[in-house]
Amino acid sequence: MLMERDWRMKNRQIQEERIKSYFLDSAKNLLKAEGLKSVSVRNVAYHAGYSYATLYNYFKDINDLLFRCVEDFCREAEEFVFERTASAAEGKEKLRAAAKAYVEYFVEYPGVFELFFLERLGGFGGGVETAHLITGLLGRVCRAHLEACIAGGTYTPAAAEAVEERLRYALPGMLLLYENRLAPDNYGDFMRSVDAQLDAIIG
(Lines give C-alpha, C1' and ligand atoms only; values in the text may rest on other atoms or scores of the structure.)
Protein backbone atom coordinates (compact mmCIF):
# COMPACT_ATOMS: atom_id res chain seq x y z
CA MET A 1 0.00 0.00 0.00
CA LEU A 2 2.84 2.36 0.94
CA MET A 3 4.71 1.57 -2.28
CA GLU A 4 1.58 2.27 -4.33
CA ARG A 5 1.10 5.61 -2.55
CA ASP A 6 4.75 6.54 -3.18
CA TRP A 7 4.41 5.57 -6.83
CA ARG A 8 1.29 7.72 -7.24
CA MET A 9 2.96 10.64 -5.49
CA LYS A 10 6.01 10.35 -7.72
CA ASN A 11 3.82 10.21 -10.84
CA ARG A 12 1.92 13.29 -9.68
CA GLN A 13 5.18 15.17 -9.15
CA ILE A 14 6.42 14.18 -12.61
CA GLN A 15 3.15 15.34 -14.15
CA GLU A 16 3.28 18.65 -12.28
CA GLU A 17 6.83 19.29 -13.43
CA ARG A 18 5.84 18.44 -17.00
CA ILE A 19 2.91 20.90 -17.01
CA LYS A 20 5.06 23.55 -15.35
CA SER A 21 7.65 23.09 -18.11
CA TYR A 22 4.93 23.62 -20.76
CA PHE A 23 4.14 27.04 -19.32
CA LEU A 24 7.82 27.92 -18.98
CA ASP A 25 8.65 26.81 -22.53
CA SER A 26 5.64 28.73 -23.83
CA ALA A 27 6.78 31.94 -22.13
CA LYS A 28 10.37 31.50 -23.32
CA ASN A 29 9.29 30.84 -26.91
CA LEU A 30 7.07 33.94 -26.89
CA LEU A 31 9.91 36.06 -25.49
CA LYS A 32 12.31 34.85 -28.15
CA ALA A 33 9.89 35.17 -31.04
CA GLU A 34 7.84 38.26 -30.20
CA GLY A 35 9.42 39.95 -27.19
CA LEU A 36 8.05 40.91 -23.80
CA LYS A 37 4.92 42.59 -25.19
CA SER A 38 3.58 39.14 -26.13
CA VAL A 39 3.88 37.67 -22.63
CA SER A 40 0.64 37.68 -20.68
CA VAL A 41 -0.96 35.02 -18.51
CA ARG A 42 -3.61 34.33 -21.16
CA ASN A 43 -1.18 34.22 -24.09
CA VAL A 44 1.32 31.97 -22.29
CA ALA A 45 -1.48 29.61 -21.21
CA TYR A 46 -2.98 29.53 -24.70
CA HIS A 47 0.34 28.54 -26.30
CA ALA A 48 0.95 25.99 -23.53
CA GLY A 49 -2.42 24.39 -24.25
CA TYR A 50 -4.01 25.08 -20.85
CA SER A 51 -6.44 27.56 -19.34
CA TYR A 52 -4.94 30.71 -17.86
CA ALA A 53 -6.32 29.75 -14.44
CA THR A 54 -4.19 26.58 -14.50
CA LEU A 55 -1.01 28.66 -14.70
CA TYR A 56 -1.63 29.92 -11.16
CA ASN A 57 -1.39 26.34 -9.87
CA TYR A 58 2.29 26.34 -10.85
CA PHE A 59 3.42 29.98 -10.67
CA LYS A 60 2.49 32.66 -8.18
CA ASP A 61 1.95 35.20 -10.96
CA ILE A 62 3.46 36.37 -14.27
CA ASN A 63 6.44 37.88 -12.43
CA ASP A 64 7.27 34.51 -10.91
CA LEU A 65 7.13 32.96 -14.38
CA LEU A 66 9.38 35.70 -15.81
CA PHE A 67 11.94 35.10 -13.07
CA ARG A 68 12.04 31.40 -14.00
CA CYS A 69 12.58 32.48 -17.60
CA VAL A 70 15.53 34.64 -16.53
CA GLU A 71 17.05 31.67 -14.68
CA ASP A 72 16.64 29.42 -17.73
CA PHE A 73 17.95 32.03 -20.18
CA CYS A 74 21.05 32.56 -18.01
CA ARG A 75 21.79 28.83 -18.10
CA GLU A 76 21.11 28.75 -21.83
CA ALA A 77 23.43 31.71 -22.46
CA GLU A 78 26.21 30.07 -20.45
CA GLU A 79 25.86 26.89 -22.51
CA PHE A 80 25.78 28.95 -25.73
CA VAL A 81 29.05 30.67 -24.77
CA PHE A 82 30.67 27.39 -23.71
CA GLU A 83 29.88 25.81 -27.08
CA ARG A 84 31.13 28.84 -29.03
CA THR A 85 34.43 28.98 -27.13
CA ALA A 86 35.29 25.27 -27.01
CA SER A 87 38.07 25.47 -29.60
CA ALA A 88 39.65 28.76 -28.43
CA ALA A 89 43.01 28.70 -26.69
CA GLU A 90 42.92 29.42 -22.96
CA GLY A 91 43.76 32.95 -21.88
CA LYS A 92 43.02 36.13 -23.80
CA GLU A 93 41.77 34.25 -26.86
CA LYS A 94 39.21 32.33 -24.79
CA LEU A 95 38.21 35.46 -22.90
CA ARG A 96 37.67 37.35 -26.15
CA ALA A 97 35.67 34.45 -27.63
CA ALA A 98 33.47 34.29 -24.52
CA ALA A 99 32.74 38.02 -24.57
CA LYS A 100 31.92 37.89 -28.28
CA ALA A 101 29.66 34.85 -27.84
CA TYR A 102 27.83 36.71 -25.05
CA VAL A 103 27.05 39.47 -27.55
CA GLU A 104 26.06 36.96 -30.24
CA TYR A 105 23.57 35.28 -27.90
CA PHE A 106 21.66 38.53 -27.37
CA VAL A 107 21.81 39.43 -31.07
CA GLU A 108 20.26 36.04 -31.83
CA TYR A 109 17.58 36.51 -29.16
CA PRO A 110 16.64 40.20 -28.95
CA GLY A 111 13.56 39.34 -26.88
CA VAL A 112 15.85 37.98 -24.16
CA PHE A 113 17.94 41.15 -24.32
CA GLU A 114 14.74 43.18 -23.89
CA LEU A 115 13.79 41.15 -20.81
CA PHE A 116 17.29 41.42 -19.32
CA PHE A 117 18.21 45.02 -20.03
CA LEU A 118 15.17 47.07 -21.10
CA GLU A 119 12.41 45.90 -18.78
CA ARG A 120 12.17 47.36 -15.29
CA LEU A 121 12.71 44.47 -12.89
CA GLY A 122 9.56 45.24 -10.93
CA GLY A 123 8.48 42.31 -8.81
CA PHE A 124 9.93 39.35 -10.62
CA GLY A 125 12.49 37.52 -8.55
CA GLY A 126 12.29 40.20 -5.89
CA GLY A 127 14.17 42.58 -8.19
CA VAL A 128 17.55 42.29 -6.48
CA GLU A 129 17.90 38.54 -7.05
CA THR A 130 16.98 38.97 -10.71
CA ALA A 131 19.41 41.88 -11.09
CA HIS A 132 22.25 39.79 -9.68
CA LEU A 133 21.50 36.95 -12.07
CA ILE A 134 21.49 39.29 -15.06
CA THR A 135 24.42 41.54 -14.18
CA GLY A 136 26.50 38.56 -13.08
CA LEU A 137 26.05 36.65 -16.35
CA LEU A 138 29.01 38.17 -18.18
CA GLY A 139 31.23 37.59 -15.16
CA ARG A 140 30.18 33.95 -14.97
CA VAL A 141 31.04 33.27 -18.62
CA CYS A 142 34.36 35.16 -18.42
CA ARG A 143 35.63 34.50 -14.90
CA ALA A 144 37.52 31.26 -15.56
CA HIS A 145 39.29 32.86 -18.51
CA LEU A 146 40.17 35.96 -16.51
CA GLU A 147 41.58 33.71 -13.79
CA ALA A 148 43.64 31.87 -16.42
CA CYS A 149 45.01 35.23 -17.58
CA ILE A 150 45.97 36.06 -13.98
CA ALA A 151 47.59 32.65 -13.49
CA GLY A 152 49.53 33.07 -16.75
CA GLY A 153 50.77 36.52 -15.80
CA THR A 154 48.81 38.29 -18.54
CA TYR A 155 46.80 40.37 -16.05
CA THR A 156 47.23 41.35 -12.44
CA PRO A 157 44.11 40.71 -10.32
CA ALA A 158 43.35 44.45 -10.42
CA ALA A 159 43.74 44.58 -14.20
CA ALA A 160 41.46 41.54 -14.64
CA GLU A 161 38.83 43.18 -12.48
CA ALA A 162 39.07 46.37 -14.57
CA VAL A 163 38.70 44.34 -17.80
CA GLU A 164 35.58 42.60 -16.48
CA GLU A 165 34.07 45.90 -15.38
CA ARG A 166 34.71 47.56 -18.76
CA LEU A 167 33.17 44.59 -20.58
CA ARG A 168 30.12 44.64 -18.30
CA TYR A 169 29.36 48.25 -19.20
CA ALA A 170 30.52 48.35 -22.82
CA LEU A 171 28.82 45.26 -24.26
CA PRO A 172 25.24 45.85 -23.05
CA GLY A 173 25.60 49.49 -24.13
CA MET A 174 26.60 48.49 -27.64
CA LEU A 175 23.78 45.94 -27.77
CA LEU A 176 21.31 48.58 -26.62
CA LEU A 177 22.26 50.83 -29.54
CA TYR A 178 22.18 47.97 -32.03
CA GLU A 179 18.95 46.36 -30.83
CA ASN A 180 17.21 49.71 -31.19
CA ARG A 181 18.69 50.03 -34.70
CA LEU A 182 20.36 53.30 -33.85
CA ALA A 183 24.00 52.51 -34.56
CA PRO A 184 25.37 50.81 -36.48
CA ASP A 185 22.56 49.91 -38.86
CA ASN A 186 23.74 46.46 -40.00
CA TYR A 187 25.08 43.30 -38.38
CA GLY A 188 28.46 43.31 -40.13
CA ASP A 189 29.34 46.83 -38.99
CA PHE A 190 28.06 46.06 -35.50
CA MET A 191 30.26 42.99 -35.08
CA ARG A 192 33.27 44.88 -36.44
CA SER A 193 32.59 47.51 -33.81
CA VAL A 194 32.33 44.79 -31.14
CA ASP A 195 35.66 43.33 -32.30
CA ALA A 196 37.30 46.77 -32.04
CA GLN A 197 35.97 47.26 -28.51
CA LEU A 198 37.13 43.81 -27.43
CA ASP A 199 40.60 44.55 -28.83
CA ALA A 200 40.69 47.82 -26.89
CA ILE A 201 39.45 46.33 -23.63
CA ILE A 202 41.13 42.91 -23.59
CA GLY A 203 44.34 43.98 -25.31
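The legends below describe close-up views of a predicted model.

**View 1. The largest nonpolar core of the predicted model.** This core has 59 residues, and the members that touch the most others are Tyr-102, Val-103, Phe-106, Leu-115, Phe-116 and Phe-190. At least two core residues come from each of helix 1 (2-34), helix 2 (41-48), helix 4 (62-84), helix 5 (92-108), helix 6 (110-118), helix 8 (137-151), helix 9 (157-179) and helix 10 (187-202). In soluble globular proteins, nonpolar side chains tend to be buried together.

**View 2. The largest pocket and its lining.** The volume of this pocket is about 180 Å³. Helix 6, helix 7 (128-135) and helix 9 each give two or more residues to the lining. Of the 11 lining residues, Phe-117, Ile-134, Thr-135, Arg-168 and Pro-172 lie nearest the pocket centre. The lining comprises 9 nonpolar, 1 polar and 1 charged residues.

**View 3. The stacked ring pair Tyr-178 and Phe-190.** The model contains 13 aromatic pairs. In this one the ring centres are 4.2 Å apart and the planes meet at 10°, under the 30 degrees limit, so the pair counts as stacked. Tyr-178 belongs to helix 9 and Phe-190 to helix 10, 12 residues apart, so the pair links distant parts of the chain. Both are buried: Tyr-178 has a relative accessible area of 8%, and Phe-190 has 1%.

**View 4. A cluster of aromatic rings.** Phe-80, Tyr-102, Tyr-105, Phe-106, Tyr-109, Phe-113, Phe-116 and Phe-117 are linked through ring pairs.

**View 5. Charged side chains over ring faces.** Lys-20 lies over the face of Phe-59, 5.5 Å from the ring centre. Arg-42 lies over the face of Tyr-52, at 4.0 Å from the ring centre.

Methods: Residues are numbered from 1 along each chain as its sequence is written. This is a predicted model: local features need pLDDT of at least 70, side-chain atom pairs count only at pLDDT 80 or more; totals for chains, interfaces and linings use all residues. Side-chain values use heavy atoms; hydrogens and water are left out. A nonpolar core is a set of buried Ala, Val, Leu, Ile, Met, Phe, Trp, Tyr and Cys residues joined through side-chain atoms within 4.5 Å. Buried means under 20% relative accessible area, exposed over 50%, partly exposed in between (1.4 Å probe, protein chains only). Helices (H or I, at least four residues) and strands (E, at least two) are DSSP runs, numbered from the N terminus. On a 1 Å grid over the protein atoms alone, a cavity is a set of points where a 1.4 Å probe fits but cannot get out, and a pocket is an open set with protein on both sides within 12 Å along at least five of seven lines; lining residues have an atom within 4 Å of a point. Grid points are joined across faces, edges and corners, and a volume is the space filled by probe spheres set on the points. Ala, Val, Leu, Ile, Met, Phe, Trp, Tyr, Cys and Pro count as nonpolar, Asp, Glu, Lys and Arg as charged, and the others, Gly among them, as polar. Rings of Phe, Tyr and Trp (its six-membered ring) pair if their centres lie within 6.5 Å; planes under 30 degrees apart count as stacked, over 60 as edge-to-face and the rest as tilted. A charge sits over a ring if NZ of Lys or CZ of Arg is within 6 Å of the ring centre and within 35 degrees of the ring normal.
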